Amino acid sequence: MNLILLGPPGAGKGTQAKRIEEARGLVQLSTGDMLRAAVAAGTEVGNRAKAVMEAGELVSDDIVIGIISERIDEPDCENGFILDGFPRTVAQAEALDKLLAEKNKTLDVVIEMQVEDDPLVGRITGRFTCAKCGEGYHDEFKKPARDGICDKCGGTQMTRRADDNEETVRSRLAAYHEQTAPLIDYYGKKGVLKSIDGMKAIDEVTSQISTVLDAV
Ligand code: AP5
Ligand code: MG
Ligand code: ZN
């Protein structure tokens, strides 16, 4: 099964993608994570993306389409994948349709995570991640059982993203509304869109997604 998690910054795409990955053996493909890895490694793509990401704007379509096209060809994607943060523009969605057709793959469902803007700022400014295994946490909504120690791997180094400050979050939300929200209509017309309430607690969101996926 191949699916898209669609929603604004802080909607919970990454949190839920990791859970679907574990529960169903699909692989999470997060363009944001891939770009951050490229920035950290200082590759050419990373150098081109860094300032754009720190400003909360979108990286160019050709860069992310290229990244996804290559990634989908890897063997671990054969069982299915979860697109997290891609596509983000109509041009990316059209390119994805074309790519999938060429590769003989289908898009089974697009899950729109419906959330309100204001609480997202708090979700994002409170977010931190285990540097070792990538598990995501939150100062208020998802604290590790023991302060500063990752529940999953015991790692003790936690990181915060360079773009997780209030000012950049506002730009990211604006980019979402202008450039990404039109995809709700795009996938609605194709008949693959399902919407869930992303304002509920993390576990409740997981069970709504699970219900949708069980019906696919
Ligand atoms: P990306 O990394 O995709 O960031 P984003 O879309 O801004 O989304 P986030 O990762 O911030 O949010 P999320 O929905 O994953 O939330 P999470 O689960 O972590 O992209 C970053 C940048 O890269 C972009 O701005 C752009 O520059 C570039 N980029 C990436 N893809 C691109 C593309 N396709 N085209 C062009 N440019 C691209 O949750 C957030 C926090 O809230 C966590 O702390 C979590 O614990 C907590 N939380 C989650 N769910 C709940 C809940 N239900 N209740 C309470 N708290 C919750
Ligand atoms: Mg994310
Ligand atoms: Zn960890």
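Four donors count as tetrahedral if all angles lie between 85 and 135 degrees, where donors are N, O and S atoms within 2.8 Å of the metal (3.2 Å for Na, K and Ca). The exercises below concern a predicted model, in which local features need pLDDT of at least 70, side-chain atom pairs count only at pLDDT 80 or more, and totals for chains, interfaces and linings use all residues. Residues are numbered from 1 along each chain as its sequence is written, chains are lettered from A and ligands numbered from 1 in the order in which they are written, and side-chain values use heavy atoms, with hydrogens and water left out.

**Exercise 1.** Determine which residues coordinate the zinc ion (ligand 3), and classify the geometry of its site.

*Solution.*
- Step 1: the SG atoms of Cys-130, Cys-133, Cys-150 and Cys-153 coordinate the zinc ion (ligand 3), at 2.3 to 2.4 Å.
- Step 2: the angles among the four donor atoms run from 101 to 114°, and the site is tetrahedral.
- Step 3: along the sequence, the donor residues follow the spacing C-x2-C-x16-C-x2-C. Cys-130, in strand E5 (residues 127–130), and Cys-153, in the loop between strand E6 (136–138) and strand E7 (158–159), are 23 residues apart and link distant parts of the chain; strands here are DSSP runs of at least two residues, and helices (H or I) are runs of at least four, numbered from the N terminus.

**Exercise 2.** Decide whether Cys-130 is buried or exposed, and do likewise for Cys-153.

*Solution.*
- Step 1: buried means under 20% relative accessible area, exposed over 50%, and partly exposed in between (1.4 Å probe, protein chains only).
- Step 2: Cys-130 has 2% relative accessibility and therefore counts as buried.
- Step 3: Cys-153 has 29% relative accessibility, so Cys-153 counts as partly exposed.

**Exercise 3.** Describe the shell of residues that surround ligand 1.

*Solution.*
- Step 1: the shell holds 35 residues, each with a heavy atom within 4 Å of the molecule, and the closest are Thr-15, Glu-57, Arg-88, Arg-127 and Arg-172.
- Step 2: a polar side-chain atom of Arg-88 lies 2.5 Å from an oxygen atom of ligand 1, while for Arg-127 a polar side-chain atom lies 2.6 Å from an oxygen atom of ligand 1.
- Step 3: among the elements that each supply at least two residues of this shell are helix H1 (13–24) and helix H2 (31–41), and H2 gives the most, with four residues.

Conventions: Tetrahedral: all angles 85-135°; square planar, octahedral: opposite > 155°, others 65-115°. Polar contact = N/O pair within 3.5 Å; in protein donor to acceptor, adjacent residues only side chain to side chain.
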